[in-house]
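Thank you all for coming.

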Amino acid sequence: MKKVTVIGSGSWGTALAVMLAENGHEVFIWSRRQDAVDELLKERTNKKYLPGVVIPDSIQATTDRKEAVDGADIVILAVPSRAVAQTVRDFAPYLKTWQILVNVAKGLEPETLFLLSDVIKREAPQCEVCVLSGPSHAEEVARKVPTACLIACENEAVAKLVQEEFANPRFRLYTNTDLIGVEIGAALKNVMALAAGMSDGLGFGDNTKAALMTRGMAEMKRLGMAMGGKAETFAGLSGIGDLIVTCTSMHSRNRRAGILLGQGKSLQETLDEVKMVVEGVNTVQAACQLAEKYHVSMPITQSIYAVLFEGKNVEDAVLELMTRDNKAE
């Protein structure tokens, strides 16, 4: 049994905490909100983010950073991508060299265009850093729906250690050492899910969504390889696997946001209605900058940016994509 601390009391962090407690580990959840801690401890629920799921009595919760990570073998970062840097910075004084940080957020740092693993290494260089990725809705993991993900780390031995502690008959983990490919796939699939949702919101069909997903994967792969990632990573769980689940499921907040945008709602109206972090909105700007930096063609990504931040009509964006110059695949 190991001590595992989950930083963040959202849906994914809570689902992982429940799963790891059932694996037999000593689990702590840290939340910045005292009311969230009180609900977890007294009511054994997380009604806002994971309704209907019972929190095991063995799980502890606290708002105290030092108490949360003291003695933890594995620390899971389950906060929105935009909060990763500050969160690690706040916890860094209490983190030890032997502790493993597992990031489950999917995105990029807008100011630096860094992968989140690089952000974490910058703020807590004393720790090993892993990334958990793949097609995994928190709602399904918490209900023990069979799920396969991957754990990526440059140190394969560390990845295998985390694999051993997380895996169970309903949660299968593969290891991977290609952090660049894994993280680019994880971040950009949210952008493509916005596009898929817009297609649904406009009333288009399966043909359209299949085209968006396929050509979207081509963009993800081009950028990832230009940055040093491996082609085969994009054919795996953090590439095509995560893309499929995020573009097709109503659990996906990015797809839901895209549907609202396709129906004519503004970005602010959309975010107000979804009421949760829509990572694709934060990621698309950085993705466009990376495309320019690495001289990579990403027309779908750039069209999504134009819709979100330049006022382009969604139908006009689709028409422009469909009438680009003919080319070979």
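Let me begin with helix H10, whose buried residues pack against strand S6 (128-133), S7, H8, helix H9 (206-226) and helix H11 (253-262). Please keep in mind throughout that what we are looking at is a predicted model. The buried residues of H10 are Ser-238, Gly-239, Gly-241, Asp-242, Leu-243, Val-245, Thr-246 and Cys-247.

The side chain of Asp-242 meets that of Lys-189 in a salt bridge, with 3.8 Å from N to O. Since Lys-189 belongs to helix H8 (residues 179-201) and Asp-242 to helix H10 (residues 237-248), the pair ties together parts that are 53 residues apart in sequence. Is this pair buried or exposed? For Asp-242 the relative accessible area is 2%, which is buried, and Lys-189, with 7%, is buried as well.

Val-245 is also found in helix H10. Its relative accessibility is 19%, and because the cut-off for buried is under 20%, Val-245 still counts as buried. Setting aside residues up to four places away in sequence, Val-245 touches Pro-135, Ser-136 and His-137.

Eight strands form an open sheet, and reading across it the order is S3-S2-S1-S4-S5-S6-S7-S8, with mixed pairing. The edges are taken by S3 and strand S8 (171-176), each of which has a single partner strand, so one side of each is left without a neighbour in the sheet. On average, and ignoring direction, neighbouring strands of this sheet are turned by 25 degrees against each other.

Strand S1 (residues 3-7) pairs with S2 in the parallel sense over five bridges, and Glu-26 in S2 is the bridge partner of Lys-3. Between S1 and S2 the chain crosses through H1, and this β-α-β crossover is right-handed. S2 also pairs with S3, again in the parallel sense, here over three bridges, and Trp-30 has Thr-62 in S3 as its bridge partner. S2, H2 and S3 likewise make a right-handed β-α-β unit.

Elsewhere in the sheet, strand S5 (residues 100-103) and S6 pair in the parallel sense over four bridges, with Leu-101 standing opposite Val-129 in S6.

As for H1, this helix lies across S1, S2, strand S4 (74-77), S6 and S8, and it runs at about 165 degrees to S2.

The side chains of Thr-45 and Glu-39 are joined by a polar contact of 2.8 Å. If neighbours within four places in sequence are left aside, Thr-45 is in contact with Glu-39, Leu-40, Val-53 and Ile-55.

I will finish with the remaining charged pairs. How many salt bridges does a search of the whole structure find? The search finds 16. One of them joins the side chains of Glu-22 and Lys-144, at 3.9 Å from N to O. Glu-22 lies in helix H1 (residues 11-22), and Lys-144 in the loop between helix H6 (138-142) and strand S7 (147-152), so this pair ties together parts that are 122 residues apart in sequence. Both partners are partly exposed, Glu-22 with a relative accessible area of 45% and Lys-144 with one of 43%.

In another salt bridge, the side chains of Lys-209 and Asp-200 meet at 2.9 Å, N to O. Here Lys-209 is buried, with a relative accessible area of 12%, whereas Asp-200 is partly exposed, at 22%. Finally, Arg-89, Glu-109, Arg-122 and Glu-123 are linked in a network of salt bridges.

Notes:
Residues are numbered from 1 along each chain as its sequence is written. This is a predicted model: local features need pLDDT of at least 70, side-chain atom pairs count only at pLDDT 80 or more; totals for chains, interfaces and linings use all residues. Side-chain values use heavy atoms; hydrogens and water are left out. A salt bridge is a side-chain nitrogen of Lys or Arg within 4 Å of a carboxyl oxygen of Asp or Glu. Helices (H or I, at least four residues) and strands (E, at least two) are DSSP runs, numbered from the N terminus. Buried means under 20% relative accessible area, exposed over 50%, partly exposed in between (1.4 Å probe, protein chains only). Contact means heavy atoms within 4.5 Å. A polar contact is a pair of N or O atoms within 3.5 Å; within protein, one must be able to donate a hydrogen and the other to accept it, and residues adjacent in sequence count only if both atoms are side-chain atoms. Two strands pair if DSSP finds at least two bridges between them. A crossover is right-handed if, with the strands pointing away from the viewer, the path from the first strand over the helix to the second runs clockwise. Axes are lines fitted to C-alpha atoms, for helices over the stretch in contact, and angles run from 0 to 180 degrees between N-to-C directions.
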